[in-house]
Amino acid sequence: MKNKLQELDLNLLKLLKTVVETRNTHAAADKLGISQTSVSRGLAKLRDVFGEQLFIRKAHGVEPSELAEKLAEASDLMLRPLIKVVESYQNFDPVEFNGDVKIAMNIFFLELHGEGIFNVLRGQFPNANFSMVYWQEHSLAEVLNGSIDYLIHFEGYPLPQEIYSHTLEEVELCLVAKENHPVLSKSSEWASIHHLPLARVIIDGINSKRSPVEEVYLAKGFQPRVSLTTHSVRVLTNKLSTSDAIMFGSQYMTSLDRRLASYPLPELPKQMRKIRVSGGYLQSKRGYPLNQHLHQIIQSYFDSLALPEV
């Protein structure tokens, strides 16, 4: 019986419940909007699973056995939570949602976009309780156990297959340095810039030890002079705006400090002239309305960002 139960069509339980309620196969057929033949076939399948004594034929209908009545009651209890889940998907209203939302992102993105993302989310989820944290060593485990609802990271960051990820934005890179930089104002070719001090943000899991740009320096026979590595965007912008240091980054940096400007990149491999920002959440939650709304709202935020060409 166990194998037959696992293969049982849920529609048959609805049929069973209706026949128990109406005590008449014709009335059950009318109520369900199906033919009498379909009712008879369904009852035959039910008898095959549960035995012959589900219903006793009477002159003007059928009499359900105790087993049939118990099964009808159990089917109602089983279908009710399923209906509730379906209704919660269909009727999900972010305005009414008053639960917790936790978003983890690379610390660089948290400082760069955290305020903007929070503002758009707060507008869509006015009653939600938000937790916006930077990505740490244990964050991946929190995504996998469902504690973190959404993540934002660089596309190069390794994520397991259990996490669905999607490109939120492709960012053109540039050189970032102070306005009227004495060298970059004239040229950004390697021969002119290779001696300038470098500053960069640490991206855990990607460039903790050495950035890809530093590898390019070495390949060209130049020794990169890294004068600052930091997790803090504020420290980074202060360094860039008060010295001749340069950064290989995005033009978004210039929106954080008016003293900064963007300049063209020197010759670089094509794959190093852009970076991609990814958003993600558990594969098993791809159908969840909360996660879908989070993804749509955050995607809309990135789609709305517009910066002039370098």
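Predicted model: local features only at pLDDT ≥ 70, side-chain atom pairs only at ≥ 80, totals over all residues.
Reader: Start with helix packing. At what angle do α3 and α4 pack, and how far apart are their axes?

Author: Helix α3 covers residues 25–32 and helix α4 covers residues 36–50. They pack at an angle of about 110°, with axes 9 Å apart. Angles of 65 to 115 degrees count as roughly perpendicular. So α3 is roughly perpendicular to α4.

Reader: Which residues make that contact?

Author: From α3, Thr 25, His 26 and Ala 29. From α4, Gln 36, Val 39 and Leu 43. By class, the contact of α3 with α4 holds three nonpolar residues, three polar and no charged.

Reader: Now α2 and α4. How do their axes cross?

Author: The axes come within 10 Å and cross at roughly 105°. Therefore α2 and α4 are also roughly perpendicular to each other.

Reader: Which residues meet there, and how do they divide by class?

Author: Helix α2 brings Leu 12, Leu 15, Leu 16 and Val 19. Helix α4 brings Val 39, Gly 42, Leu 43, Lys 45 and Leu 46. The count for the contact of α2 with α4 is seven nonpolar, one polar and one charged.

Reader: Take Val 19 from that list. Is Val 19 buried or exposed?

Author: The cut-off for buried is under 20% relative accessible area. Val 19 has 0% relative accessibility, so Val 19 counts as buried. Val 19 lies in helix α2. Beyond four places in sequence, Val 19 touches Asn 24, Ala 28, Val 39, Leu 43, Phe 55 and Val 62. Take Phe 55: Val 19 and Phe 55 are 36 residues apart in sequence, with C-alpha atoms 9.2 Å apart.

Reader: What is the general idea behind a nonpolar core?

Author: In soluble globular proteins, nonpolar side chains tend to be buried together. Here, the largest nonpolar core has 40 residues. Phe 108, Ile 152 and Ile 298 have the most contacts inside this core.

Reader: Which elements give two or more residues to this core?

Author: The strands are β3 (100–105), β5 (150–154), β6, β7 (198–201) and β11 (274–282). The helices are α6 (107–124), α10 and α11 (289–304). Helix α11 gives the most, with six residues.

Reader: What does Ile 152 touch?

Author: Leaving out residues up to four places away in sequence, the contacts of Ile 152 include Ala 104, Met 105, Phe 109, Ile 117 and Leu 168. Val 277, Ile 298 and Phe 302 are also among them.

Reader: On to the backbone. Which residues have positive phi without being glycine?

Author: Arg 23 is one of them, with phi near 55°. Asn 180 is another, with phi near 55°. Arg 23 is in the loop between α2 (10–22) and α3. Asn 180 is in the loop between β6 (163–178) and α8 (190–193).

Reader: How exposed are Arg 23 and Asn 180?

Author: Exposed needs over 50%. Arg 23 has a relative accessible area of 32%, so Arg 23 is partly exposed. Asn 180 is at 68%, so Asn 180 counts as exposed.

Reader: One polar case, please. What does the side chain of Asp 244 contact?

Author: The side chain of Asp 244 makes a polar contact with the side chain of Lys 178, at 3.0 Å. Asp 244 lies in the loop between α10 (233–241) and β9 (247–250). At 32% relative accessibility, Asp 244 counts as partly exposed. Residues touched by Asp 244 include His 181, Pro 182, Leu 196 and Pro 197.

Methods: Residues numbered from 1 in each chain as written. Heavy atoms only, no water. Helix = DSSP H or I, 4+ residues; strand = E, 2+ residues; numbered from the N terminus. Buried < 20%, exposed > 50% of the residue type's maximum accessible area, 1.4 Å probe, protein only. Contact = heavy atoms within 4.5 Å. Polar contact = N/O pair within 3.5 Å; in protein donor to acceptor, adjacent residues only side chain to side chain. Axes fitted to C-alpha atoms, helices over the stretch in contact; angles between N-to-C directions. Parallel < 35°, antiparallel > 145°, perpendicular 65-115°, else oblique. Nonpolar A, V, L, I, M, F, W, Y, C, P; charged D, E, K, R; others polar. Core = buried A, V, L, I, M, F, W, Y, C linked by side-chain atoms within 4.5 Å.
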